[in-house]
Amino acid sequence: MKVLMINGSPRAKGNTTLALDEMAKVLEAEGIEVEVVRVGSDDVRGCIACNSCAKTGKCVFDDVVNELAAKFEEADGLVAAAPVYYGSANATLIAVLDRLFYSSHFDKTMKVGAAVSVARRGGLTATWDEINKYFGISGMPIASGQYWNGVHGRLPGEATEDAEGLQQMRTLARNMAFLVKGIALAKDAYGLPEREPGVFTNFVR
Ligand SMILES: Cc1cc2nc3c(=O)[nH]c(=O)nc-3n(C[C@H](O)[C@H](O)[C@H](O)COP(=O)(O)O)c2cc1C
């Protein structure tokens with residue numbers, strides 16, 4: 001079993017990395033493989049709505065997003081983690097998630113999602129909500145913890161002082177491990193839920 005983590009921060013030794021490290025220790029102790037891809041310093045553009053992915057199943061911009069899609073398809077869970085910029089997830093992470101979820105067409109049903117946000121002071125819960133939207137539209141159960149999965153810190157390293165935030169990361173990781181393992185058993189026993197053919201209306205007709 002494997003969890004893919006997408007770290008939105010441009011700072012390799014920043015607070016988002018510390019939050020994910022805390023989760024990774026628990027997941028690995030639970031026997032779950034972890035792979036972290038940090039995208040925050042990458043030159044990632046946003047979706048241009050060309051819809052070429054509808055034909056090809058991959059993004060027209062052949063960058064880290066297509067690499068992540070292959071890893072995501074193999075994974076049992078996805079953690080998306082953002083430093084908060086202006087009360088929202090940082091733009092690079094959003095560009096990656098928009099293109100990743102829009103362009104990849106493999107079935108994401110029952111892959112477990114977990115959102116993590118990191119900020120000096122404000123915007124943690126709004127960012128957490130924002131990230132969870134990608135999971136909620138994809139049939140992905142959302143792992144939760146003892147609070148809203150946020151860690152405080154401004155300068156790189158300050159997150160180590162947020163004892164409650166780091167505890168949240170450990171709790172979240174334990175709950176995520178439980179869901180990943182439980183869903184694997186349930187898939188063996190019952191298979192994935194039946195899917196109806198999609199109905200797609202846009203309120204015009
Ligand atoms: C452009 C920019 C905008 C920011 N906006 C916010 C904000 O809205 N709220 C907040 O609490 N912190 C804000 N911060 C601070 C970061 O969220 C904080 O430094 C965080 O620890 C960064 O995570 P990292 O070390 O993983 O990069 C901002 C930082 C930058 C660079």
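Helix 3 and helix 4 cross with right-handed geometry. This is a predicted model, so keep that in mind throughout.

Let me stay with that pair. Two packed helices are described by the angle between their axes and the distance between the axes. For helix 3, residues 64-74, against helix 4, the angle is about 55° and the axes are 9 Å apart. That makes helix 3 oblique to helix 4. Which residues in helix 3 meet helix 4? Val 64, Val 65, Leu 68, Ala 69 and Phe 72. On the helix 4 side, they meet Val 96, Arg 99, Leu 100 and Ser 103. By class, this contact has seven nonpolar residues, one polar and one charged.

Next pair: helix 1 and helix 6. Helix 6 covers residues 163-190. Its axis and that of helix 1 come within 8 Å and cross at roughly 40°. So helix 1 is oblique to helix 6. This crossing is right-handed. From helix 1, the contact takes in Ala 19, Glu 22, Met 23, Val 26 and Leu 27. Their partners in helix 6 include Leu 166, Met 169, Arg 170 and Leu 172. The class count here is 10 nonpolar, no polar and three charged.

Now the ligand. How many residues surround the ligand? There are 19, and the closest are Ser 9, Gly 14, Thr 16, Pro 83 and Ala 119. Helix 1 (15-29), strand 3 (77-85) and strand 5 (112-119) are the elements giving two or more residues to this shell. Strand 3 gives the most, with three residues. The shell divides into seven nonpolar, eight polar and four charged residues.

Last topic: backbone torsions. Most residues other than glycine have a negative phi. Two residues here are worth a look.

Met 110 is not a glycine, yet its phi is positive, about 75°. Met 110 sits in the loop between helix 4 (91-103) and strand 5.

Key
Residues numbered from 1 in each chain as written. Predicted model: local features only at pLDDT ≥ 70, side-chain atom pairs only at ≥ 80, totals over all residues. Near = placed C-beta within 6 Å. Helix = DSSP H or I, 4+ residues; strand = E, 2+ residues; numbered from the N terminus. Nonpolar A, V, L, I, M, F, W, Y, C, P; charged D, E, K, R; others polar. Axes fitted to C-alpha atoms, helices over the stretch in contact; angles between N-to-C directions. Parallel < 35°, antiparallel > 145°, perpendicular 65-115°, else oblique. Left-handed = near helix turned anticlockwise from the far one by under 90°. Contact = placed C-beta atoms within 7 Å.
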